[in-house]
Amino acid sequence: MAFFERNDIVIDLGTVNTIVRNSVYDVLFCEATCIAIEETPYTKKIISVGNSARKMLGKAPVGLDIVNPLLNGAISDFEMTKIFMEALLERGKSSSLAPKVGISIPQNLTQVERHSLYEATMLAGAKEVYLIEDPFSASVGAGLDISTAEAKMVIDAGGGLVEASIISLGGLVVSSFTKEAGDFVDYAIVEYCRHNKGIGISKEMAEKIKRQINIFGENETINIGVKSLINGLPITYDLNLNDLKGVLLDGLYKIKEVVLETISKAPVQIAPDLIDSGAVLTGGMALTSGIKEFLEEELNIKINLSPDPLLDISKGACLIMQNFEEYTKSLT
């Protein structure tokens with residue numbers, strides 16, 4: 001009997017987006033890590049999960065809570081995480097049998113945080129739970145052979161965390177991280193608009209704006225609907241994206257610092273491998289225009305942009321679960 005069967009699932013439980021698979025080829029859920037809950041004195045009822053719940057942010061009436069159960073990849077609300085996992089397991093399983101669940105997690109999670117996630121998933125109805133560290137999932141999903149003595153570097157730039165890791169012989173050599181990741185840039189754009197433009201925008205709008213900024217070229221002026229902080233009224237506003245280059249660059253320098261920290265901690269024998277192979281860039285922020293060129297210029301190493309950075313972790317976690325014995329070092 002296969003270890004990873006059709007009813008089993010893997011989950012890339014991200015701070016911003018969550019992805020659920022039951023095979024390398026089938027994505028069952030790829031939406032926001034968000035849940036809408038209607039609370040009564042006796043029960044908590046799920047109203048919506050994923051993107052539809054995120055659309056309710058800032059618009060929900062009294063009694064309807066819109067919750068992101070994670071913060072920087074770790075549980076911020078245990079009960080809501082259990083409810084969210086129940087919804088994911090219901091979406092993912094293909095029979096009445098309890099599934100085995102593989103969850104890819106940030107490498108820096110404490111044992112207490114890992115145990116909380118494990119318990120929340122078991123209480124949500126899992127048969128067994130396997131925690132797989134993101135550096136391994138991202139590397140395998142990006143197509144790297146991590147079993148050889150040639151060191152591989154992966155930069156996972158997500159919404160809640162940026163992790164830079166070096167892997168060799170199937171194990172983690174060194175790793176560094178920062179919580180000043182994609183969300184950090186989004187909130188910085190929100191604050192810039194508030195203090196420098198006198199306008200209020202949502203984090204969701206800031207994320208869309210971030211995707212349009214080109215740090216190496218001229219940027220257009222976009223027309224957006226905002227709240228005037230002068231009189232409180234809704235207005236349309238012409239925002240020059242060139243004004244936001246500096247905000248985005250601050251975030252990219254945080255990524256550079258994490259990569260430099262990882263390289264500085266690595267043994268000297270790693271240097272030739274980095275010169276030959278460079279690093280693989282994955283995660284949601286890998287889609288930011290100009291980030292590859294920025295890191296290559298600043299770090300003087302080759303940066304290989306993954307073809308599908310949003311799905312690497314879930315794909316890699318699935319491959320690891322399917323080849324359980326081969327990747328036992330990746331499981332915690």
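I began at Ser-175, where I found that the side chain makes a polar contact with the side chain of Ser-165, at 3.0 Å. I note here that the model I am reading is a predicted one.

**Entry 1, Ser-175.** I looked up where Ser-175 sits, and it is in strand 13, residues 171-178.

I asked which residues of helix 6 (residues 203-212) are buried. I found Lys-203, Ala-206, Glu-207, Ile-209 and Lys-210. These residues cover an arc of only 165° around the axis, so they lie on the same side of helix 6. An α-helix has 3.6 residues a turn, so residues three or four places apart point the same way. What do the buried residues of helix 6 pack against? I noted helix 1 (51-54), helix 5 (182-197) and helix 7 (245-265), together with strand 15 (221-228) and strand 16 (234-240).

I followed strand 15 to its partners. Strand 14 (residues 199-200) pairs with strand 15 in the antiparallel sense, over 2 bridges; Ile-199 stands opposite Ser-228 of strand 15. Strand 15 and strand 16 also run antiparallel, joined by 7 bridges, and I found Ile-224 to have Tyr-237 in strand 16 as its bridge partner. The hairpin of strand 15 and strand 16 has 5 residues between the strands, and there I noted a positive phi near 80° at Gly-232.

In what order do the 5 strands of the open sheet lie? I read the order as 3-2-1-9-10, with mixed pairing. Strand 3 (27-32) and strand 10 (128-133) are the edge strands, each pairing on one side only. I recorded an average twist of 15° from one strand to the next. Strand 9 (residues 100-105) pairs with strand 10 in the parallel sense over 6 bridges, and Ser-104 stands opposite Ile-132 in strand 10.

I then looked up helices on this sheet. Helix 4 (residues 134-141) packs on the sheet and touches strand 9 and strand 10, with its direction at about 75° to that of strand 10. Helix 10 (residues 312-322) also packs on the sheet, touching strand 1 (9-13), strand 2 (17-21), strand 9 and strand 10. The direction of helix 10 makes about 145° with that of strand 1.

Key:
Residues numbered from 1 in each chain as written. Predicted model: local features only at pLDDT ≥ 70, side-chain atom pairs only at ≥ 80, totals over all residues. Heavy atoms only, no water. Buried < 20%, exposed > 50% of the residue type's maximum accessible area, 1.4 Å probe, protein only. Helix = DSSP H or I, 4+ residues; strand = E, 2+ residues; numbered from the N terminus. Arc of directions from axis to C-beta. Contact = heavy atoms within 4.5 Å. Polar contact = N/O pair within 3.5 Å; in protein donor to acceptor, adjacent residues only side chain to side chain. Pairing = 2+ DSSP bridges. Axes fitted to C-alpha atoms, helices over the stretch in contact; angles between N-to-C directions.
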